[in-house]
Amino acid sequence: MDSRKIVFKETAIVSIGVVACTAAMVGIFTLLGYFDTKVALGGIVGGAVAILNFFFMAIVASLAADRAERQDVEGGQKLIRSSYPIRLLLLAVILFACGKSGVFNVIALVLPLLFVRPSLTIAEFFRKKGA
C-alpha cells in the first residue's frame, strides 16, 4: 500500500478515536456538572492539536521510511530526531497560549492528547489478520 494512503488511513482511525474519546470526556464533564463553553472549546482545540500532531508525526515517519528504503537510514533517523523537538515545541506553545488565554478549560485542552494511543490500540485489536 502507498505510504500516503497508510498515513491518511491511520490518521482517520486516530481522528475517529480522538473525537469519540473527546465526546465521552465532554459527557463526563456534563455529568459532573462542570460543562461550559470553555470545556467544549478546550475539547475541540485539544482534539484538533492531537490529531494534527499525529498526522505530522506519521508524515515524518513515512518520509524517514522512504529514505531508509533508498539506503539512507541515517538521513531517516536524523529526520525523525529533528522533527520531534519541533513538534513538541509547537505543541507546548499552542497549548500554553490557549491555556493562558482563559478561553479554554485547561484539562479539556490537554486530555485529548492522551486519546491517540488508546485509539491506535483499539484499532489494532479489531484489525483483520493479514490486512
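Visitor: Which helices each supply at least two residues of the lining of the second largest pocket?
Guide: This is a predicted model, in which local features need pLDDT of at least 70 and side-chain atom pairs count only at pLDDT 80 or more, while totals for chains, interfaces and linings use all residues. Residues are numbered from 1 along each chain as its sequence is written, and side-chain values use heavy atoms, with hydrogens and water left out. A pocket is an open set of points on a 1 Å grid over the protein atoms alone, where a 1.4 Å probe fits and protein lies on both sides within 12 Å along at least five of seven lines, and a lining residue has an atom within 4 Å of a point. Here the lining includes V49, L52, R87 and I94, and the helices (DSSP runs of H or I, at least four residues, numbered from the N terminus) that each give at least two such residues are α2 and α3.

Visitor: Which helices each supply at least two residues of the lining of the largest pocket?
Guide: The largest pocket has 13 lining residues, and those nearest its centre are N53, M57, R87, L113 and V116. N53 and R87 also belong to the lining of the second largest pocket. For the largest pocket, the helices that each contribute at least two lining residues are α2 (37-69), α3 (73-101) and α5 (116-126).

Visitor: How many helices does the protein chain have?
Guide: Read from the N terminus, the elements of the protein chain follow the order α-α-α-α-α. Its C-alpha trace spans about 55 × 35 × 15 Å along the principal axes. There are 0 strands in the chain, and the number of helices is 5.

Visitor: How far apart are the end C-alpha atoms of α2?
Guide: The expected span of a helix is 1.5 Å times one less than its number of residues. Because α2 has 33 residues, it should span 48 Å, and the separation of its end C-alpha atoms agrees, being 48 Å.

Visitor: Which residue, just after α1, takes a positive phi?
Guide: Helix α1 covers residues 3-31, and from its first C-alpha to its last it reaches 42 Å, close to the 42 Å expected. A positive phi of about 85° comes just after α1, and the residue that takes it is G33.

Visitor: Against which helices do the buried residues of α1 pack?
Guide: Buried means under 20% relative accessible area, exposed over 50%, and partly exposed in between, with a 1.4 Å probe and protein chains only. In α1 the buried residues include V7, V14, V18, M25 and F29. Through contacts (heavy atoms within 4.5 Å), these buried residues of α1 pack against α2, α4 (106-110) and α5.

Visitor: Which helices do the buried residues of α3 pack against?
Guide: Among the buried residues of α3 are G75, G76, L79, L91 and C98. R87, which is one of the residues nearest the centre of the largest pocket, is buried in α3 as well. The packing partners of the buried residues of α3 are α2 and α4.

Visitor: What angle lies between the planes of F125 and F126?
Guide: Rings of Phe, Tyr and Trp (its six-membered ring) pair if their centres lie within 6.5 Å, and planes under 30 degrees apart count as stacked, over 60 as edge-to-face and the rest as tilted. The structure holds 3 aromatic pairs. F125 and F126 form one that is edge-to-face, with 5.1 Å centre to centre and an angle of 85°.

Visitor: Are F125 and F126 buried or exposed?
Guide: F125 has a relative accessible area of 66%, so F125 counts as exposed. The relative accessible area of F126 is 63%, so F126 is likewise exposed.
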